[in-house]
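Q: I would like to learn how to read the features of this model. Please take them one by one.

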Amino acid sequence: MNQLSGVTFQVRVSDFDKGKEWYEKLFNRKADFIPHADFVEWEIIPNTWLQVSKGVPSVGNGPLRIGVENIQEERIRLMKKFQISIEDVNTREGVPVKWCTFEDPDGNLIGLYEELKVTT
């Protein structure tokens, strides 16, 4: 694999319509591509796709972490939008990101991260 051209990640949801709606709220937009029934995709960044399909969820799968500009603002938006609790934002000395993790309704682990400015 010398030159990669893209990446896809797939999560399975037990109730497709509810799962699709949940991910629309997560990304704050409709899916970018609907290739067939019970399957939708969002291009998160160029050539990186999240696929949501109907099926048996892999509980505890992931986490799929999504990079954001302001983790605190996005964490608050999602807690309000989904009426859920999301763990406090984590940091660790020597690690140049902050992160937090939560679950979709089927137990798939989703996370946010924010890159920190490294000073030398």
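Q: Which strands does helix 1 lie across, and at about what angle does helix 1 run to strand 3?
A: Some conventions come before the case. This is a predicted model, in which local features need pLDDT of at least 70 and side-chain atom pairs count only at pLDDT 80 or more, while totals for chains, interfaces and linings use all residues. Residues are numbered from 1 along each chain as its sequence is written, and side-chain values use heavy atoms, with hydrogens and water left out. Helices (H or I, at least four residues) and strands (E, at least two) are DSSP runs numbered from the N terminus. Contact means heavy atoms within 4.5 Å. Axes are lines fitted to C-alpha atoms, for helices over the stretch in contact, and angles run from 0 to 180 degrees between N-to-C directions. Here, helix 1 lies across strand 1, strand 3 and strand 4, and runs at about 15 degrees to strand 3.

Q: What is the strand order of the open sheet of 4 strands?
A: Two strands pair if DSSP finds at least two bridges between them. The order in this sheet is 1-4-3-2, with mixed pairing. Strand 1 and strand 2 are the edges, each pairing on one side only. From one strand to the next, the twist averages 25 degrees. Strand 2 (residues 33-36) pairs with strand 3 in the antiparallel sense over 2 bridges, and F33 has E41 of strand 3 as its bridge partner. The hairpin of these two strands has 2 residues between them, and D38 there takes a positive phi near 60 degrees.

Q: Which strands are at the edges of the open sheet of 3 strands?
A: This sheet has the order 5-7-6 and mixed pairing. Strand 6 and strand 7 (residues 109-115) run antiparallel and are joined by 7 bridges; F102 stands opposite I110 in strand 7. Helix 2 (residues 71-82) lies across strand 6 and strand 7, at about 150 degrees to strand 7.

Q: How do helix 1 and helix 2 pack, and at what angle?
A: A crossing is left-handed if the near helix is turned anticlockwise from the far one by less than a right angle, and right-handed if clockwise. Helix 1 passes helix 2 in a right-handed crossing. Their axes are 10 Å apart, and the packing angle is about 150 degrees. W22, K25 and L26 of helix 1 make the contact with E74, R77, L78, K81 and F82 of helix 2.

Q: Which residues have the most contacts inside the largest nonpolar core?
A: A nonpolar core is a set of buried Ala, Val, Leu, Ile, Met, Phe, Trp, Tyr and Cys residues joined through side-chain atoms within 4.5 Å. Buried means under 20% relative accessible area, exposed over 50%, and partly exposed in between (1.4 Å probe, protein chains only). The largest core has 24 residues, and Y23, L26, V52, F102 and L112 have the most contacts inside it. Helix 1 gives the most to this core, with 5 residues. Not counting residues up to four places away in sequence, L26 touches I66, E74, R77, L78, F82, F102 and I110.

Q: Where is N47 found, and what is its phi near?
A: N47 is in the loop between strand 3 and strand 4. Its phi is near 65 degrees, a positive value in a residue other than glycine. N47 is partly exposed, at a relative accessible area of 43%.
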